[in-house]
Amino acid sequence: MEVNGNIGRLGLEGDPDLQFLLNGGDLIKVKSRSWRKTRYFRLNDDCKTMWQQTSKTFKSDSGFSLEDIDAVRYGRQTEGLQKYTEHSVEDRCFSVVFKGRRKNLDLIASSKEEAKVWVRGLEKVINGMDSLNRQQNSEHWIYNCMRKADKNADNKMSLKELKHFLRQINIEVDDSYAEMLFRKCDTSNSNTLEGPEIKHFYDLLTYREEVDVIYKKYASTNGQMSSTDLLNFLQNEQREPVFLDYAQKLIEKYEIDETAKQKMCMSRDGFLMYLNHEEGSIFNPTHTPIYQDMRQPLNHYFISSSHNTYLMEDQLKGPSSIEAYIKALMKSCRCVELDCWDGPNGEPIIYHGHTLTSKVLFRDVIKTVKEYAFKTSQYPVILSLENHCTIEQQKIMAHHLTSILGRALLTQPLGSQMPTTFPGPEELKGRFLIKGKRLNKLDAAFNNNATEDVDSVSEEDEAAELKEAEQKPKEKTSKKIKLAKELSDLVIYCKSVHFSTFEHSRDNHAFYEMASYKESKAMNLAENSATAFIHHNMDKLSRIYPAGSRTDSSNYNPVPLWNAGCQIVALNFQTPGKEMDLNQARFLPNGKCGYILKPEFQRDPASQFDPKNLTVGPWLQKKTFHVMIISAQQLPKINKDKQKSIVDPHVRVEIYGIPADNASKQTHHIDNNGFNPMWNTRFQFTVHVPELALVRFVVEDYDAASHNDLVGIYTLPFTSMQNGYRHVPLLTKRGNLIPSAGLFVHIMVLDA
């Protein structure tokens, strides 16, 4: 159990950057202008955690796990470093950005070279950890637990240490079973396990009976799977339309026994390795890259969208931050919101007006958006402006947009004549679109009609609603605002207009004129006029936003609005929960690019699809969904403070889609076993409109006396599932992968 094993797993033997991290060094930690302190940092021997100490006293400070890191950024790339450090130290700065709400760690190294080694080294180790497959992660996790259990670090394990280890890996074993396992492995009768005895113990512990049964059924060539046996398994169980060369490629890729590989056979270990990789995952790997037609008009796609993007927490007193924009854009959000108000020194600011939320400069947000917009997706980003500024500061906004975004900002319709429909995401790659009010029709961009430099337009619907909520009953204020021509001219394909009826929109609004609806209005239209709403969205864009009453930044269910063909269904990205799970699942396929092509029946003008009243049509592709929840592996402990707390897991399978498809079924719970609980429970669902359905797997820690705690979740589109024996990865509530945990299931989707 030494450090070399971990380095080997990460593929970093002899790497000088890794050696630098293991030796560690002093860094200046920055918390404010006045708080700067030297701290000693180094990578622990487990290559998974960082150690932090004060230099002089060597008093231990809080360290952190590399698994909690979201990104390592070189330079002054956080608000803290931009605010509290000078430009002259730019090349010595770097930041560790954490997942969730933990504050950034802002650091200054002694030289540019040293800062780069820290960043490069950390990125190498994090990438190495990410590329470990589930099987290796599982071993990595068990290894770490063994190391923690070996209290006196003698590389031997006593019976007492063994019991501590079993608690670490979340398995409740009665004393007699623990002793039996121990005696079985202690072949030297030394009352400790060491070397090969620990290996034997590990093998007994990681034995997967359910996988063994499947393997034995198909391994008909001297106890191993030949390429033909594997092909039989792939065709009969996994229902994959593949040929012998594919089976041979899997053996080449995953078989770890060289002798078996030479005979073109797959051993039990190789088979488990295959099941733990993407080919054995529930998510269809052909849906991982961009595979959809990206040349359809923009309004033919669902677009991943954020509401009040600047907020990190609630809507009343939480912080506004450029960090919130970075997090949303790095999740491939393609429509972000900017609430713009007059700020001091003539500089517009962004915050949630008339509240105690903190403020951030409009200019800084635009710089950040430019930097991060296209890191995870090349497809266009819509900047949704809620404009409360005076004319003078609107002109400053327009200046910042044009000067900072440059040629990436769309300031003219594509083509040489007035368009009649939207361009597609492919044509708009790398471009920014402004959504906001416009003084005139788009035709003016071609015929140079003179427009007043300033004119009044009605306020954005969301802004007007906010103002109404604050007014006393008898107060009347104008819903008009003055709009600067410079800002108006930047609005091309997303001109904000007020919605009254579908008929009025059809007769009076051009394709680029779009309405924003608060959730209650949109839900009402989706519930009572779904077919009309779907047809409206075949020509125009619709943006939905959460009710103003959601001051805690909670979210609404986006599914009914997607069912009605709404494209920009804006959610509070900072708030984890079922609604964000569904949003991330909707945009999981197609390269996670933030655009998903709507089903054809939501794009075809002849369609009469109604999610509530199903009639025969291309949308009705009725399927019977059989799922068996077989087992789970290495579920994390929920109550880490309690030494003896073990998970009592149950699994719930939920379907979200049209009303007739919504369903939920749950297994029984298993007492005191988070390590390898087994259910073998079968469920059956009927799904009428698979193209709009999402499937959610929820693992909870059952508690008879109180609310069940979430252990892990995974959500994916129904049409992205693979048939057969599959592993389901599990995510935390914030959407981060739990490296070693997962479910093992059997999926069969049949025509009903």
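Biologist: Which residues form one aromatic cluster?
Modeller: This is a predicted model, in which local features need pLDDT of at least 70, side-chain atom pairs count only at pLDDT 80 or more, and totals for chains, interfaces and linings use all residues. Residues are numbered from 1 along each chain as its sequence is written, and side-chain values use heavy atoms, with hydrogens and water left out. Rings of Phe, Tyr and Trp (its six-membered ring) pair if their centres lie within 6.5 Å; planes under 30 degrees apart are stacked, over 60 edge-to-face, and the rest tilted. One aromatic cluster is formed by Tyr215, Tyr218, Phe233, Phe271 and Tyr274.

Biologist: How many aromatic pairs does the structure hold?
Modeller: A pair of aromatic rings is described by the distance of the centres and the angle of the planes. In this structure the number of aromatic pairs is 28.

Biologist: Is the pair of Phe64 and Phe98 stacked or edge-to-face?
Modeller: The ring centres of Phe64 and Phe98 are 5.2 Å apart. The angle between their planes is 80°, and the pair is edge-to-face.

Biologist: How many residues apart in sequence are the parts that Phe64 and Phe98 tie together?
Modeller: Helices (H or I, at least four residues) and strands (E, at least two) are DSSP runs, numbered from the N terminus. Phe64 lies in strand S4 and Phe98 in strand S6 (residues 93-98), so the pair ties together parts whose separation in sequence is 34 residues.

Biologist: Are Phe64 and Phe98 buried or exposed?
Modeller: Buried means under 20% relative accessible area, exposed over 50%, and partly exposed in between (1.4 Å probe, protein chains only). Phe64 has 6% relative accessibility and Phe98 has a relative accessible area of 2%. Phe64 therefore counts as buried, and Phe98 is also buried.

Biologist: What is the centre to centre distance of the aromatic pair of Tyr379 and Tyr595?
Modeller: The planes of Tyr379 and Tyr595 are at 70°, and the pair is edge-to-face. Its centre to centre distance is 6.2 Å.

Biologist: How many residues apart are Tyr379 and Tyr595?
Modeller: Tyr379 is in the loop between helix H15 (362-372) and strand S16 (381-387). Tyr595 is in strand S24 (residues 595-597), and the separation is 216 residues.

Biologist: How many salt bridges are there?
Modeller: A salt bridge is a side-chain nitrogen of Lys or Arg within 4 Å of a carboxyl oxygen of Asp or Glu. By this rule the count is 28.

Biologist: Which residue forms a salt bridge with Arg73?
Modeller: The closest N and O atoms of this salt bridge are 2.6 Å apart. The partner of Arg73 is Glu323.

Biologist: How many residues apart are Arg73 and Glu323?
Modeller: Arg73 is in strand S5 and Glu323 in helix H14 (residues 322-330). The pair links distant parts of the chain, with a separation of 250 residues.

Biologist: Are Arg73 and Glu323 buried or exposed?
Modeller: Relative accessibility is 8% for Arg73 and 4% for Glu323. Arg73 therefore counts as buried, and Glu323 likewise counts as buried.

Biologist: Which residue follows helix H16?
Modeller: H16 covers residues 391-405. The residue after H16 has a positive phi, near 60°, and is Gly406.

Biologist: Over the face of which residue does Lys31 lie?
Modeller: A charge sits over a ring if NZ of Lys or CZ of Arg is within 6 Å of the ring centre and within 35 degrees of the ring normal. Lys31 is at 4.6 Å from the ring centre of Trp35.

Conventions
Expected span 1.5 Å × (residues − 1).
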